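Let's take a walk through a protein together, one stop at a time. Keep the picture open beside you and look up each residue as we reach it.

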Amino acid sequence: MNYRIILLVSMVFLTSCSSQKPVVRTTKKPTSTTRTTSTSASNRTTNTKSTTKSTNSTTSETRETQVLEATTSLKVTTEVVLKYIEDFKDIAIDNMRQHGIPASITLAQGILESGAGLGSLSMRANNHFGIKCHKEWNGPSVRHDDDSEQECFRKYDHPSESYRDHSLFLTSRSRYSSLFSLPSTDYVAWAKGLKAAGYATDVKYPDKLISLIERYKLYQYDIASDSVKRTSNSVASDKNSTAEYVVVKGDTLYSLSKKFNISVSDLKKKNNLSSDSLSVGQKLRVR
């Protein structure tokens, strides 16, 4: 009788062990693997390690991870990328209205080059596009090892300034002028056009942008061409910028006064403001 009891207990134990689920790795193998290659100094790449879900992802799906190579190689969850999109989609849309660059392209580049906001430069300097100082920059800066040791990179008070500077970077350089003849909803043509214009040396750069845009449905933030103001080669400096500015998330009267070289009191006077509070979408006269 005792041998039977022991045998029965052993069988139950073995059955219990065999029913245990295998350990699920946080990083899933993608349906198609994108190999990571190096890009130019001011542009970063990504090697997507997981199958990314749409913005309607479930809780378990948003815990999947992927590797984004910005200033350093970072492992981020899908949830982090989705939050980044939520935080900066309105800024990207506003820049599209003012400068004509598809919001999907701007967001995809921001995700790639900032490590979804967790990269070294984005954390230290609010620089989400790896823009270096260049000779025309006279604002604050940080030093960071890139192609060379301790190179100069621009530093911003808020990420929205980095987004705006990215738009000015593209609109003020003639080599990107051909992009602005493309439909503002054709993100595929824009991604390939950036590579052709020399924005990145990585041959897979367009594919990586397109992959992010389609996986996260960033194209939903693009606006038809007839609703977008084209400004190619028309924005060489802040002095040539539009006299009307649309407030985006993170703007303050102080940051706008610095951006447009106007005092806070003059800004309030021009716009009949009785307080310092601003709201997203509010239009301000800045000239």
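Start with Ser-167. If we skip its neighbours within four places in sequence, Ser-167 is in contact with Asn-95, His-99 and Ile-101. You'll find Ser-167 in helix α5. Is Ser-167 buried or exposed? It counts as buried, because its relative accessibility is 0%. Before we move on, keep in mind that this is a predicted model.

Next, hop over to helix α2, which runs over residues 78–99 and holds both Lys-83 and Asp-87. Those two side chains meet in a salt bridge, with N and O 2.9 Å apart. The pair also shows up as a polar contact of 2.9 Å.

What about their surroundings? Lys-83 has a relative accessible area of 53%, and since exposed means over 50%, Lys-83 is exposed. Asp-87, at 22%, counts as partly exposed. While you're at Lys-83, take a look at Gly-117 too: these residues are 34 apart along the chain, yet their C-alpha atoms are separated by 9.8 Å.

Now for some other salt bridges. How many does a search of the whole structure find? Seven. One of them links Asp-90 and Lys-89, where the closest N and O atoms are 3.5 Å apart. Asp-90 is partly exposed because its relative accessibility is 39%. Lys-89 has 15%, and as buried means under 20%, Lys-89 counts as buried.

For another salt bridge, find Asp-202 and Lys-208, whose side chains meet with N and O 2.6 Å apart. Asp-202 is buried, with a relative accessible area of 1%, and Lys-208 is buried as well, with 3%. Going back to Asp-90 and Lys-89 for a moment, salt bridges with shared partners join these two and Glu-86 into one network.

Lys-208 also brings us to helix α7, where it is among the buried residues. This helix is mostly covered, with nine of its 11 residues buried. Besides Lys-208, the buried residues include Tyr-205, Pro-206, Leu-209 and Arg-215. Just past the end of α7, Lys-217 takes a positive phi of about 55 degrees.

Our last stop is helix α6, which covers residues 187–196. Which of its residues are buried? They are Tyr-187, Trp-190, Ala-191, Gly-193 and Leu-194. These residues lie on the same side of α6, because they cover an arc of only 165 degrees around the axis. So what covers them? The cover includes three helices you can pick out in the picture: α3 (103–114), α5 (159–171) and α7 (205–215). Just after α6, look for Gly-198, which takes a positive phi of about 95 degrees.

Key
Residues are numbered from 1 along each chain as its sequence is written. This is a predicted model: local features need pLDDT of at least 70, side-chain atom pairs count only at pLDDT 80 or more; totals for chains, interfaces and linings use all residues. Side-chain values use heavy atoms; hydrogens and water are left out. A salt bridge is a side-chain nitrogen of Lys or Arg within 4 Å of a carboxyl oxygen of Asp or Glu. Helices (H or I, at least four residues) and strands (E, at least two) are DSSP runs, numbered from the N terminus. Buried means under 20% relative accessible area, exposed over 50%, partly exposed in between (1.4 Å probe, protein chains only). The arc is that of the directions from the helix axis to the C-beta atoms. Contact means heavy atoms within 4.5 Å. A polar contact is a pair of N or O atoms within 3.5 Å; within protein, one must be able to donate a hydrogen and the other to accept it, and residues adjacent in sequence count only if both atoms are side-chain atoms.
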